[in-house]
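Q: I would like to learn how to read a fold and its contacts from coordinates alone. Could we go through it feature by feature?

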Amino acid sequence: MTTRQDIIKITGLQKSFGDLHVLKGIDLCIKEKEVVVIIGPSGSGKSTLLRCINYLEEPTGGEIVFDNIPLNGEANINEVRKEVGMVFQRFNLFPHMTVLENLVLAPMKVRKVSRKDAEELARMYLQKVGLAEKADNYPDQLSGGQQQRVAIARALCMKPKAMLFDEPTSALDPEMINEVLEVMKQLAKEGMTMVVVTHEMGFAKEVGDRVLFVDGGYIVEEGTPEQVFDHPQNPRTQSFLSKIL
Amino acid sequence: MDVNFELMQSAFPLLIAGACITVEITALTVFFGMIIGICVSLIRMSDFKLLRWMGNVYVDFIRGTPLLIQIFLVYFALPSIIGHRVDAYFAAISACSINSGAYMAEVFRGGIQSIDIGQMEAGRSLGMTWWQTMRYIILPQAFKRIIPPLGNEFIAMLKDSSLVSVIGFEELTRRGQLIIARTYASFEIWMAVAIIYLILTFTVARLTGLLERKFETK
C-alpha cells in the first residue's frame, strides 16, 4: 500500500453555489488502484466533491492534483478528463447514436484512434460488460441496467487511469442494481482506481478499501469499511448508519 | 363581375418565373439565416460578456424593427455610408438573411437549451472540448427538435420575401404588380399570386412534416 503513488491529491477543497457553502475544506489523497467509497446523507456534498475532481464543478478554493498535474480550469482540464472516466446517475448516453457509436466517439475525437481500432476496443469492452450483442442498438432500446453498463464501457474506452461513479445505481430498478455492481466489482478486482458515491452499503463493505463519511461539507470520518461500518467513532456517522443499516 | 381566366392563364408563366426567384431568395435567406442563427445562439450562450451583449443587441434590434425598414436601411441608407450603390439582389438577400438570423438564433437557443445538461457533462467528462460536444452531441439532438420551428421560419420567410418587391426586386409579388400595371386585372393577378404563395407554403409545411417523421422513427 505504502509503495503506491497518490493519483488524486485534494487539499483544502472548497465549493460554494452562491451563498450556499457546500464543501468547506476537503483534504483527500487517493492512491493508485484504491477503491474509495463516499457515503453520506443527501445534500452533504458528496456528489459535488466527486464532480470537482474532473471539474464538472469548478472549485471555489483549494487545489486538486491529478497524476501530478495541478488542475487549473479550461487550460488543462481536457488533459485530465481524458484520464478520468465518469459514470453518472442518469447514464447520460447519447440517445441519437447506437451503443457502438457512443463508445467510439471520444476515443476517435479525443485520442485520435482510428475507427477500426476504436470499434475493436469498443467491442472488447462491450463484451466485458456483457453486452456484446447490443452494439447496434440505440440506448432507449436497453434497460436501465444495460444502459449503465454501456456507460461504464464508454468511459473505459478512453482507457482512464481512474473512474468516478456518481450514484451509479440510484436511478435503477432494484432488480438491475446487481448487474451494474458486478461490473464495478470486476473493475475493482482488476485494479482500477475508483471513487464511488453510493448508497449501496453492501458494495462499500465488499469492495471498498476505504470509506469516507461526508456530512455538512466535511469528511467527518474515514477508515476501512470495518472501522466505519462496525465501529463508527463520530456520533453523526453513528446516527446516519443507524438509519440506513 | 367577370373573371378573366384567360388572362390569369397567360400571366402564369411570368408569375411562375417570379415564384422561382421567391423560392431562390427564401432558400438562400434560410441557409444564411441558419448559419447566422447558430453562430449568434452560441455567442449568446458563451462566457464572454461582450460577445453575449453584442448578440443580444443584434437579436433585439432585428426583432424590434420591421423587415421593411431593414431592407430600406441596406438598400437606401447603406450606400450613403459606403459611397456606392448596393445591388438589389445583394440588398434583398442580406437584409432578409440578417433578419432571419435573429429569429433562427432564438430557435436554436431554445433547441440547444432543451437538451439535458447531462449530455454536455457526459461529453466533457470524456475529454471532448466544448465545441466537439456541441457539434457531435448537442447540435444533432437539438436539430431534430427544431425542425418544426425551422419550418415555420421558412414559411414566414417565403411570405415576407414579398417585401423586397419595394426595392424593385422582381420576385413573385413584384411580377404581379408589373402585370397589373399593364393589364389592370388586379383581382385575377393578385388571386393568382396568392394561390402560388399558398402552394409554396403548403409544400414547405408538408416537407417539414415528412422530415419530422423521418427523424422521429430513429
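Predicted model: local features only at pLDDT ≥ 70, side-chain atom pairs only at ≥ 80, totals over all residues.

Q: Which way do S6(A) and strand S7 (residues 162–166) of chain A run relative to each other, parallel or antiparallel?

A: Look at the bridges. S6(A) and S7(A) are joined by four bridges in the parallel sense, and A:Met86 has A:Leu164 as its bridge partner in S7(A). Further along, strand S3 (residues 35–39) of chain A and strand S8 (residues 193–197) of chain A are also parallel, with four bridges. There, A:Ile38 sits opposite A:Val197 in S8(A).

Q: Are the faces of strand S6 (residues 84–87) of chain A covered or open?

A: Sort the residues by side and check each one for burial. For S6(A), A:Val84 and A:Met86 lie on one side, A:Gly85 and A:Val87 on the other, and all of them are buried, so both faces are covered, where buried means under 20% relative accessible area.

Q: How many of the six residues of S9(A) are buried?

A: Six of the six residues of S9(A) are buried, so this strand is largely enclosed by the rest of the structure.

Q: What are the pairings of S9(A) with S3(A) and S10(A)?

A: S3(A) and S9(A) run parallel, with four bridges between them, and A:Val37 stands opposite A:Val211. S9(A) and S10(A) run antiparallel, joined by five bridges, with A:Val214 opposite A:Ile219. In the hairpin of S9(A) and S10(A), two residues lie between the strands, and A:Gly216 has a positive phi near 60 degrees.

Q: Which residue forms a salt bridge with A:Arg210?

A: A:Arg210 forms a salt bridge with A:Glu34, at 2.8 Å between the closest N and O atoms. This pair links distant parts of the chain, 176 residues apart: A:Arg210 is in strand S9 (residues 210–215) of chain A, and A:Glu34 is in the loop between strand S2 (20–31) and S3 of chain A. A:Arg210 is buried, at 14% relative accessible area, and A:Glu34 is buried too, at 3%.

Q: Where do A:Glu167 and A:Lys46 lie?

A: A:Glu167 is in the loop between S7 and H6 of chain A, and A:Lys46 is in helix H1 (residues 46–53) of chain A, so their pair ties together parts 121 residues apart in sequence. Their salt bridge has its closest N and O atoms 4.0 Å apart. A:Glu167 counts as buried at 12% relative accessibility, and A:Lys46 at 3%.

Q: How many residues apart are A:Glu79 and A:Lys82 in helix H2 (residues 77–83) of chain A?

A: They are three residues apart, about one turn of the helix. Their side chains meet in a salt bridge at 3.4 Å, N to O. A:Glu79 is partly exposed at 44% relative accessibility, whereas A:Lys82 is buried at 15%.

Q: Which residues of chain B form a nonpolar patch on the surface?

A: The patch consists of B:Phe48, B:Leu50, B:Leu51, B:Trp53, B:Met54 and B:Val57, with about 640 Å² of accessible area together. B:Phe48 is in the loop between helix H1 (5–44) and helix H2 (49–64) of chain B, and B:Phe48 is exposed, with 58% relative accessible area.

Conventions: Residues numbered from 1 in each chain as written. Chains lettered and ligands numbered in written order. Heavy atoms only, no water. Patch = residues over 30% accessible without salt bridge, like charges linked within 9 Å, V, L, I, M, F, W, Y side chains within 5 Å. Areas by Shrake-Rupley, 256 points an atom, 1.4 Å probe, with all protein chains shown as cover. Buried < 20%, exposed > 50% of the residue type's maximum accessible area, 1.4 Å probe, protein only. Pairing = 2+ DSSP bridges.
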